[in-house]
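Subject: Structure handover

Hi,

Here is the structure I promised to pass on. Please open it and keep it beside this email as you read.

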Amino acid sequence: MIIRNCRIRGKEGLFDVVCENGIFQKITPHKSILEEAMEEENVFEAEGRMMMPPFVEPHIHLDCVLTAGIPHYNMSGTLFEGISTWHEYKTTQPLVVSEIKERAKEALRLMAEHGVQFVRTHVDVTETSFKGVEALLELKEEMKGTIEIQTIAFPQNGIMSLKNGKELMIRAMDMGIDCVGGIPHYEYTREYGLESLKFIFDLAEKYDACVDVHCDEIDDGQSRFLETLATMAWERGWGKRTVAAHTCAMGSYNDAYCSKLFRLLKDSEINFNSCPAASTHLQGRIDTFPKRRGITRIKELSEAGMNVALGQDSISDPWYPLGVGNLLRVLEMGVHVAQMTGYEDLRHCLDFISTNGAKNLCLDQEYGIEEGKDASFILLDGKNDMEVLRFLSPVVLSVHKGKTIVEKIPAKAKVLF
Ligand code: FE2
């Protein structure tokens with residue numbers, strides 16, 4: 001396959017890209033390959049559109065997607081009503097592996113349409129039938145070579161706050177879940193939260209797994225599990241394999257504490273994940289006015305050299321009723337609420353849903369537009385980051401390891417004046 005006449009994000013000029021046997025064979029300036037050497041059926045004319053590595057979804061709950069309204073909608077819009085509604089769902093609805101897989105697959109189709117090829121998903125391990133775990137492990141295998149999935153053992157109702165919380169986490173890891181999750185701010189006490197973090201890192205070391213924790217997802221400026229998470233990652237040399245997700249409380253920390261905290265965060269080398277659409281919807285609900293935005297310090301963390309990736313969290317579930325799998329919409333919300341709308345911010349904004357996510361997922365050889373790497377890429381109907389975000393440009397072609405997984409012809413409006 002040859003992609004003719006494309007831009008490549010981050011490079012000047014136009015290129016022809018040759019993919020063979022699932023890898024990038026040759027990337028050359030446009031027209032340096034003789035036209036007659038190109039067999040027409042293998043050529044995709046890019047017309048100057050931008051090629052880039054695929055989008056990465058670093059944080060979603062595929063076991064919960066597309067369940068909004070069952071048994072009822074989250075009427076208050078709070079995180080805690082979301083958790084209790086999900087609890088009702090999992091204790092009143094028949095949980096069937098094939099049904100969970102079909103919902104999750106439908107969400108993956110939506111994401112694929114919007115350029116996602118790598119997904120890290122949580123799966124609730126406090127749903128004790130483990131049908132969600134079973135479903136997502138099966139789906140992960142079935143989707144290999146089309147969309148790559150990483151799974152996280154997520155203790156929705158806590159680890160220490162459940163009599164058998166530790167056993168459930170161990171059982172999930174034994175079944176083949178990839179990463180260890182947590183929810184320290186939701187545990188009954190601060191002590192339980194701290195104890196859960198030690199358990200999480202012990203488990204990660206035992207299974208040689210990444211850590212990806214829902215951390216301080218609350219508007220409580222006193223919720224400070226992040227400092228312990230980062231310290232443990234630093235002590236154990238686990239920072240590059242650790243993600244602190246949400247860290248909403250950082251939006252409520254005082255500046256003196258935060259400036260002290262940043263030194264540790266940087267030394268720890270941990271990664272961050274923020275879900276600006278979901279968090280702006282869920283947080284600040286108990287405030288009157290001024291109403292907090294409920295998101296972490298995305299701009300400040302990034303400017304201090306730390307890695308922050310943006311994700312969706314939800315697609316039409318008990319926590320968030322909207323979402324169509326389009327990370328550009330999440331990014332649009334993110335740059336607004338974090339005030340990253342300056343020219344320099346917008347010039348590189350797609351990093352948040354691509355390369356930064358790849359770092360969270362510890363992707364390496366399989367990610368990037370370079371000769372010799374896997375031929376995984378998307379072609380966007382735009383020329384640069386700012387244009388793509390402004391127009392929420394569609395993905396016209398998505399290729400994973402040399403295999404085309406999505407083709408799209410963008411709609412053209414006929415404006416009659
Ligand atoms: Fe989440």
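Ser 354 counts as buried, because its relative accessibility is 0% (buried means under 20% relative accessible area, exposed over 50%, partly exposed in between, with a 1.4 Å probe and protein chains only). Ser 354 sits in the loop between helix H11 (343-347) and helix H12 (355-360). Helices (H or I, at least four residues) and strands (E, at least two) are DSSP runs, numbered from the N terminus. Setting aside neighbours within four places in sequence, Ser 354 is in contact with Arg 9, Met 52, Pro 54, Phe 55, Val 56 and Tyr 367. Contact means heavy atoms within 4.5 Å.

Two notes before you go on. This is a predicted model, where local features need pLDDT of at least 70, side-chain atom pairs count only at pLDDT 80 or more, and totals for chains, interfaces and linings use all residues. Residues are numbered from 1 along each chain as its sequence is written, and side-chain values use heavy atoms, with hydrogens and water left out.

The whole chain

The protein chain has 13 helices and 16 strands. Its radius of gyration is 21 Å, close to the 22 Å that the globule rule gives for 417 residues, so the chain is as compact as a globular protein of that length. The radius is taken over C-alpha atoms, and the rule is 2.2 Å times the number of residues to the power 0.38. Along the principal axes, the C-alpha atoms of the chain fill a box of roughly 70 × 50 × 50 Å.

Buried residues make up 58% of the 417 residues. Take the contacts between residues at least 6 apart in sequence: 75% of them join residues at least 24 apart. The accessible surface of the chain is about 17,700 Å², and 52% of that belongs to carbon and sulfur atoms. Accessible areas come from the Shrake-Rupley method with a 1.4 Å probe; for residues, only the protein chains shown count as cover.

The domains

The chain is divided into domain 1 (2-53 + 369-407) and domain 2 (55-360). These bounds come from an automatic or database domain assignment. The centres of domain 1 and domain 2, taken over C-alpha atoms, are 31 Å apart. At the contact between them, 22 residues of domain 1 meet 24 residues of domain 2.

The iron site

Which residues coordinate the iron ion? They are His 59 (NE2), His 61 (NE2), His 214 (NE2) and Asp 313 (OD), at 2.2 to 2.3 Å. Donors are N, O and S atoms within 2.8 Å of the metal (3.2 Å for Na, K and Ca); water is not among the atoms, so sites may look incomplete. The angles among the 4 donor atoms run from 84 to 177 degrees, and the site is irregular. Four donors count as tetrahedral if all angles lie between 85 and 135 degrees; four count as square planar and six as octahedral if opposite donors are over 155 degrees apart and all others between 65 and 115; anything else is irregular.

Along the chain, the donors follow the spacing H-x1-H-x152-H-x98-D.

Now look at Val 65, in the loop between E6 and H1. Val 65 is buried, with a relative accessible area of 0%. The C-alpha atoms of Val 65 and Asp 313 are 9.4 Å apart, although 248 residues separate them along the chain. Beyond its neighbours within four places in sequence, Val 65 has contacts that include Ile 315, Ser 316 and Asp 317.

Backbone details

Most residues other than glycine have a negative phi, and most peptide bonds are trans. Here are some exceptions. Ser 316 is not a glycine, yet its phi is positive, about 50 degrees. Ser 316 lies in the loop between E13 and H10. Glu 269 also has a positive phi, near 65 degrees. Glu 269 counts as partly exposed, at 45% relative accessibility.

A cis peptide bond joins Ile 70 and Pro 71, with omega about -5 degrees. Another cis bond joins Phe 289 and Pro 290, with omega about -5 degrees.

Best wishes
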